[in-house]
Amino acid sequence: MKTIGYIIQKEFKQIFRNKGMLPIIFILPILQLVILSNAATYEVKNIKFAYIDYDHTSTSRALVEKFNASSYFNVLTDFPSQEIASAALLRGEVDVVLEIPNNFERNLLKEKTADLSITINAIDGAAAGVENGYVNQILQTFNKDVKTNIIDTSKKPVQSVAIESIPSFWYNTTLDYKTFMVPGILVLLVTMITLFLSGMNIVREKEIGTLEQINVTPIRKSQFIIGKLFPFWVIGMGLLTIGLILAKAIFNIPMEGSIALLYAYTSIYILVILGMGLLISNFTDTQQQAMFIAWFFIVIFILMSGLFTPIESMPKWAQLITEFNPIKYFVEIVRMVMLKGAGFTDILPQLWKTMLYAAIMNGLAVWSYRKTI
Amino acid sequence: MKEENVIEADQLTKTFGEFTAVNAISFEVKKGEIFGFLGANGAGKTTAMKMLIGISKPSAGKAAVAGFDVYSQPESIKKNIGYMSQRFALYDDLTVKENITFFGGIYGLSRKKIREKREQLISELGLENISNKLVGSLPLGWKQKLAFSVSLLHGPKIVFLDEPTGGVDPITRRHFWEMIYKAADQGTTIFVTTHYMDEAEYCDRVSIMVEGKIEALDTPKKLKEQFKVDSMNDVFLKLARIPSPTLPKGKGENTDCN
Amino acid sequence: MSISLNNISKSYKKLKAVQDISFDVNPGELFGLIGPDGAGKTTIFRILTTLLIPGEGTATVAGFDVVEDYKEIRNSVGYMPGRFSLYQDLTVEENLTFFATIFGTTIEENHDLIEDIYVQIEPFKNRRAGKLSGGMKQKLALCCALIHKPKVLFLDEPTTGVDPVSRKEFWEMLKRLQKKNITILVSTPYMDEAALCDRIALIQNGEILEIDTPEAIVNKFPKTIYNVGADNMYKLIQSLQKYKYLYSVFPFGEFVHYTDKRDSFEVADLRSYLEKEGLVNISIEVAQPNIEDAFMELAR
């Protein structure tokens, strides 16, 4: 135990003396959180919207008015025919075209259902998805209005199933993406920095040659590893704290659930990352190699974490892979706890998986660490 | 240990695939002896030493260091030896004091003992004024003397020195050897690996490795008599048999990692 | 003069690397800079090879000023830095061709100059430089430094970390190059290599202690040195350090080198003192001083 203390002491001194490392640990995360949270947003504004109204009724005009009222759509023009609209779409003059067919009002009143046609420029798939979401959102509100205002003569309200909203909007009715993104980016920072730092640390001693000196001392493998990793565990927790404070202070992100629960989960999650870092450094000879390998995993983990692209829309095999992605669990937990106020039992499935992951990672890392050459 | 042999190697061998780096070497080192382990780059001396200090498993043969078996008790060996390599023994980004404390700590010395040793060592080396300076900022000679003292902190039975005085100025080098004599006089065995033949002259006994085998083992004086030359350098040149310039030896690869 | 330095000084921030260095190297001379690590040898090399601008003073190489005419100097000198500076991932031949091309020449054109050395590494010409042994690497580096027929050759610690066999070969090569009218400035931390140079400068802490031929430096040694030996080296040194007439004592291999304060020194006096101290197998003999003794005396 005392031996571990000496190593921890030494590590902290070295970390805080490394002039190149300090800004990486403390300044970069702050910048990243502020920049990425503002830049990495799904929000699509000023959508160029046009419509073709074949119906010319008060209902159709009311529907167009809904789009007009939305801050996301710029209602540019109405086209007399579909051909002209298509040509405009092709030239990129409009992004979204809504076609209201003849007898829209009549069908809605009589048959309780009506068809609409929406054409979206989907060159930018992500933007198109978001636009589709906005359109659906507006149609759904419109639907409710129709139910209450126009069809209130019918005996019981008819659930219109013509329009569905996509699930990711359920917790984002305000459409404030920062609420959604900031916790995700927080996860990213904690993960990236702890993985890089821990991955490069032991390799650095390998490079300088001091590791050989350590290997000829009677120090035990476990003592050395715990002593080496503990400081980075502390730094990881520190990063979480900085991130949470910034999230509250700058972005006013809600904290619905228990902070203690979040910390408890993170404390286990960081173990996964540290184990991974150690494993990387066991199999590399230079900091450069370690960095590249760490990057390889980080990029895959981030892109497959559900942070930027919903996991539900990935192919089956990819979804299966995400099961092995620790970042995915952390993203889920952070959003669940911070935004939905999830409790201990809610996060239990992810907690178990993370613990298992941590055990496997660290087991492998300790097993593959060699005091001999 | 009947004859007080602190190192006993018997037919010790290490092979890397087809290549035999250390070829069945046998020797003993007595307590308090300064033993020089010489050889050219690639002769296998570093590989042999790594087996003795418990960081490399032998392929065949037997060896005991401080009474412990190199196969089954490498961690016990490590408790009883000190090690100082030429270049990287200490942490450059820790101060003199911090290095002493750290290494004292990982060898399991008590806090009180560490404090005592630290004060003693700093005053012996005359480092009072710079004990809070980073080791990286010290001149090479001081670093080496400090590294040697640190390797003695836990009172090891044997200290392994890997080319300890390369590039150090002549006076500091003498001070270094005085420290080695002192340690040997107090019963610590010194095992020096080097290819600087003038370092070899200071040793009680030396072995010379050529292509994985020990080709000579005796006191420097007797070796010089045996080969009828004036210096260990000439002994070495005779043993290593300079290859003909037009026909270099087949193994041009540097298999020693130094 | 092939190389000439006048009051050269250079500081890095607060640290003075070299101070007031002046010496001349004659054409065709093999001149050695002898000193430990950190003495300032590399700084002098970097100034002379125009990689570093001197803080104060002037220097010329092959008649060119190191600041004004740096381009001419770069074309007429060969430099072999202390660290192996070739491409480890290129083969022996590729390295050589590369350096020949940089200087606008070919291996064939200068073959006679490097022939002696190149034949030794030729069997390995398709091997990557990183896979060569220490001695081989050096020979290759020397070939690369010679590929453009330089008038002056700078070798910064060429033999550091190299075993005695390769060292010996290397010095033999230098002697042969010297005969081809190449001026050679070589640095080394090994005092025993000093004797192989025509003239040497002993250098420590950025200052020159002495410049002369190795023989003259040794002959100037002011004291008589005695080889003193006994059964216990540590006790012997301890005892000698307490001896009231001691001038200096340094361990030197199996003996210690002892010098006395007095002009008239009686071996018997010392012997009886040492016997009283409890030492046995005492031997005291007059010894020849060497460069290392001279260096330590000058550095006192």
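**Chain B and its two neighbours**

Across the interface of chain B and chain C, the rule picks out 8 residue pairs in polar contact, both partners at pLDDT 80 or more. That cut-off comes up because this is a predicted model. Which parts of chain B are doing the touching here? Helix H6 (170–185), helix H8 (220–227) and helix H9 (232–240) of chain B each give two or more residues to the side facing chain C, and H6(B) gives the most, with 9 residues. Sort that side of chain B by type and you get 17 nonpolar, 8 polar and 11 charged residues.

Let's stay with chain C for a moment. In total, 36 residues of chain B are in contact with 39 residues of chain C. Together they bury about 3200 Å², with 61% of that coming from carbon and sulfur atoms. On the chain B side, B:Pro170, B:Arg174 and B:Tyr181 lose the most area, together 18% of what that side buries. There are also 3 salt bridges between these chains; one of them joins B:Lys224 to C:Glu254 at 3.0 Å, N to O.

How many salt bridges cross between chain B and chain A? The rule finds 4, including the one where A:Arg17 meets B:Glu98 at 2.6 Å, N to O. You'll also find 7 residue pairs in polar contact between these two chains, again with both at pLDDT 80 or more.

Methods: Residues are numbered from 1 along each chain as its sequence is written. Chains are lettered from A and ligands numbered from 1 in the order in which they are written. This is a predicted model: local features need pLDDT of at least 70, side-chain atom pairs count only at pLDDT 80 or more; totals for chains, interfaces and linings use all residues. Side-chain values use heavy atoms; hydrogens and water are left out. A salt bridge is a side-chain nitrogen of Lys or Arg within 4 Å of a carboxyl oxygen of Asp or Glu. A polar contact is a pair of N or O atoms within 3.5 Å; within protein, one must be able to donate a hydrogen and the other to accept it, and residues adjacent in sequence count only if both atoms are side-chain atoms. Contact means heavy atoms within 4.5 Å. Buried area is the accessible area (1.4 Å probe) that two parts lose on being put together, summed over both. Helices (H or I, at least four residues) and strands (E, at least two) are DSSP runs, numbered from the N terminus. Ala, Val, Leu, Ile, Met, Phe, Trp, Tyr, Cys and Pro count as nonpolar, Asp, Glu, Lys and Arg as charged, and the others, Gly among them, as polar.
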